[in-house]
Amino acid sequence: MATSNAAFVTALTTAALATVGFLAYQAAATAPTRTPAGSAPAAVAAKVDRRDPAALPPGSGAGERVVYSLDDNRVWLVRSGDTVIRTFEVIPGTVDPAPGVYAVTSRSNSVTGTDGTPIEHVVRFTSVDGVAIGFSAAVRETPPAATTPVPTGGIRESRRDGDAMWDFATIGARVAVIH
């Protein structure tokens, strides 16, 4: 009996290690891509057209993606073929992501923001110094507090725009952050 218990424990341990190894491989293969400091991919080089701020910035990437302009506080939801299905203005948090290409890593239907505001449709794509960065909508359509002692990474959008982001940006969706 002791021999079969030892064999059973060995088999369980082997299966657990194989599972952990597989999950680690899967996590590494699907980890968000981030542009290393100092490089300048097309997504970073894009600039908004001042004559038509709603137009998709050329050089903002290819394929289906979310494009977020740090300088213009604007988002574009883009389908394949550079078809913009929606564009809207946002209010940034106090912590900005670096320009680059990321992937949506987590989503929450309803939580409380770091500033204490109830928010919904949270779509996170990176973190900076432990501060989660992502898009969200305030449940009561109130603008974020002008000053807060807590660093915030929430990029606030209207509830209507938050609904569109929620439907569009699922786990793994690309987010191109440009200047």
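How many salt bridges does the structure hold? The structure holds 6 salt bridges, a salt bridge being a side-chain nitrogen of Lys or Arg within 4 Å of a carboxyl oxygen of Asp or Glu.

This is a predicted model, in which local features need pLDDT of at least 70 and side-chain atom pairs count only at pLDDT 80 or more, while totals for chains, interfaces and linings use all residues. Residues are numbered from 1 along each chain as its sequence is written, and side-chain values use heavy atoms, with hydrogens and water left out.

**Salt bridges**

Side chains of opposite charge can pair when their charged atoms come close.

| Glu 64 | Arg 79 | 3.1 Å |

Helices (H or I, at least four residues) and strands (E, at least two) are DSSP runs, numbered from the N terminus. Accessibility is classed by relative accessible area: buried is under 20%, exposed is over 50%, and partly exposed lies in between (1.4 Å probe, protein chains only).

Glu 64 forms a salt bridge with Arg 79. This pair links distant parts of the chain, 15 residues apart, with Glu 64 in the loop between helix H2 (42–45) and E1 and Arg 79 in strand E2. Glu 64 is partly exposed at a relative accessible area of 37%, and Arg 79 is partly exposed at 36%.

Glu 89 is exposed, with a relative accessible area of 58%, whereas Arg 74 counts as buried at 12%.

Asp 115 counts as partly exposed at 23% relative accessibility, and Arg 156 is buried at 9%.

**Nonpolar cores**

A nonpolar core is a set of buried Ala, Val, Leu, Ile, Met, Phe, Trp, Tyr and Cys residues joined through side-chain atoms within 4.5 Å. The largest one has 24 residues, and Val 66, Val 75, Phe 135 and Met 165 have the most contacts inside it. Two or more residues of this core come from each of strand E1 (65–69), strand E2 (74–79), strand E6 (118–128), strand E7 (131–138), helix H3 (159–168) and strand E9 (174–178). Helix H3 gives the largest share, 4 residues.

Apart from this core lies another, of 7 residues, among them Val 48, Leu 56, Val 67 and Val 78.

Contact means heavy atoms within 4.5 Å. Not counting residues up to four places away in sequence, Val 66 touches Val 75, Trp 76, Leu 77, Phe 135, Met 165, Phe 168, Ala 169, Arg 174, Val 175 and Ala 176.

**Backbone at two loop residues**

Asp 82 is not a glycine, yet has a positive phi of about 60°. Asp 82 is found in the loop between E2 and strand E3 (83–89) and counts as partly exposed at 41% relative accessibility. Asp 129, also not a glycine, has a positive phi of about 50°. Asp 129 is found in the loop between E6 and E7 and is exposed, with a relative accessible area of 79%.
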